[in-house]
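Please look over the chain shown below before reading the notes that accompany it. The briefing is arranged by topic, so that each point can be checked against the coordinates.

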Amino acid sequence: FLDSIDFSSLQGTALDAGAGPGILGSFLAKKNPNLKWSACDISEEMVQYCKLSYPKIDWKVADVREMPYPDNSFDFLFNSMVLI
């Protein structure tokens, strides 16, 4: 589904909230390098892995219920499988 969306004209900032192993965020970041990408996950181990695997994304350890970002920090928010 995401592969069918043209993100090329988007600009601004984006967040992958609850990023897990970083697959969604890294896929979307490759589809649109014009966006400034950030991602967070509650697992410190996942974030450490992702920092090594996807260094162009700004990673933080965070619970999506208490985000460490100021209000209105992002133009786009993505998350997948967070509320399972």
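What follows describes the confidence, the sheet, the helices, the cores and a few single residues of this structure.

The structure is a predicted model, and the mean pLDDT of its chain is 88, with 95% of the residues reaching 70 or more. Its sheet is open and is formed by four strands in the order E3-E2-E1-E4, with parallel pairing. The largest nonpolar core has 14 residues, and another core, of five residues, lies apart from it.

**Confidence**

- Within the chain, confidence is lowest in helix H1, residues 23-31, where the mean is 87, and it is highest in strand E3, residues 58-61, where it stands at 96.
- Where pLDDT is low, predicted coordinates should not be read in detail.

**The sheet**

- In the strand order E3-E2-E1-E4, the edges are taken by E3 and by strand E4, residues 76-78, and because each of these has a single partner strand, one side of each is left without a neighbour in the sheet.
- Direction ignored, neighbouring strands of this sheet are turned against each other by 20 degrees on average.
- Strand E1, residues 12-17, runs parallel to E4 and is joined to it by three bridges, while E1 and E2 also pair in the parallel sense, over six bridges.
- E1 is mostly covered, five of its six residues being buried.

**The helices**

- Helix H2, residues 44-53, packs on the sheet, where it touches strand E2, residues 35-41, and also E3; the direction of H2 makes about 165 degrees with that of E3.
- In H1, the residues Leu24, Gly25, Ser26, Leu28 and Ala29 are buried, and the buried residues of this helix pack against E1, E2 and E4.
- An α-helix has 3.6 residues a turn, so residues three or four places apart point the same way.
- Leu28, which is found in helix H1, counts as buried because its relative accessibility is 1%.
- The C-alpha atoms of Leu28 and Glu66 are separated by 23 Å, the two residues being 38 apart along the chain.

**Nonpolar cores**

- In the largest core, with its 14 residues, those with the most contacts inside it are Trp37, Ile57, Trp59 and Phe78.
- The elements that give two or more residues to this core are H1, E2 and H2.
- The other core has five residues, among them Leu15, Ala17, Cys40 and Tyr69.

**Aromatic pairs**

- A search of the whole structure finds two aromatic pairs, and one of them is formed by Tyr69 and Phe74, whose arrangement is edge-to-face, with 4.9 Å centre to centre and 85 degrees between the planes.
- The two partners fall into separate accessibility classes: Tyr69 counts as buried because its relative accessibility is 13%, whereas Phe74, at 24%, counts as partly exposed.

**Single residues**

- Ser38 has its place in strand E2 and, at 4% relative accessibility, counts as buried.
- Leaving aside neighbours within four places in sequence, Ser38 is in contact with Ala14, Leu15, Asp16, Ile57, Asp58, Tyr69 and Phe74, a list that includes both rings of the edge-to-face pair described above.
- Leu77 has its place in strand E4 and is exposed, with a relative accessible area of 57%; not counting residues up to four places away in sequence, Leu77 touches Leu15 and Ala17.
- Although Leu77 and Asp16 are 61 residues apart along the chain, their C-alpha atoms are separated by 6.1 Å.
- Asn72 is found in the loop between E3 and E4, where it is exposed, with a relative accessible area of 79%.
- Phi of Asn72 is near 60 degrees, which is a positive value in a residue other than glycine.

Technical notes: Residues are numbered from 1 along each chain as its sequence is written. This is a predicted model: local features need pLDDT of at least 70, side-chain atom pairs count only at pLDDT 80 or more; totals for chains, interfaces and linings use all residues. Side-chain values use heavy atoms; hydrogens and water are left out. Rings of Phe, Tyr and Trp (its six-membered ring) pair if their centres lie within 6.5 Å; planes under 30 degrees apart count as stacked, over 60 as edge-to-face and the rest as tilted. Buried means under 20% relative accessible area, exposed over 50%, partly exposed in between (1.4 Å probe, protein chains only). pLDDT is the predictor's confidence in each residue, from 0 to 100. Two strands pair if DSSP finds at least two bridges between them. Axes are lines fitted to C-alpha atoms, for helices over the stretch in contact, and angles run from 0 to 180 degrees between N-to-C directions. Contact means heavy atoms within 4.5 Å. A nonpolar core is a set of buried Ala, Val, Leu, Ile, Met, Phe, Trp, Tyr and Cys residues joined through side-chain atoms within 4.5 Å.
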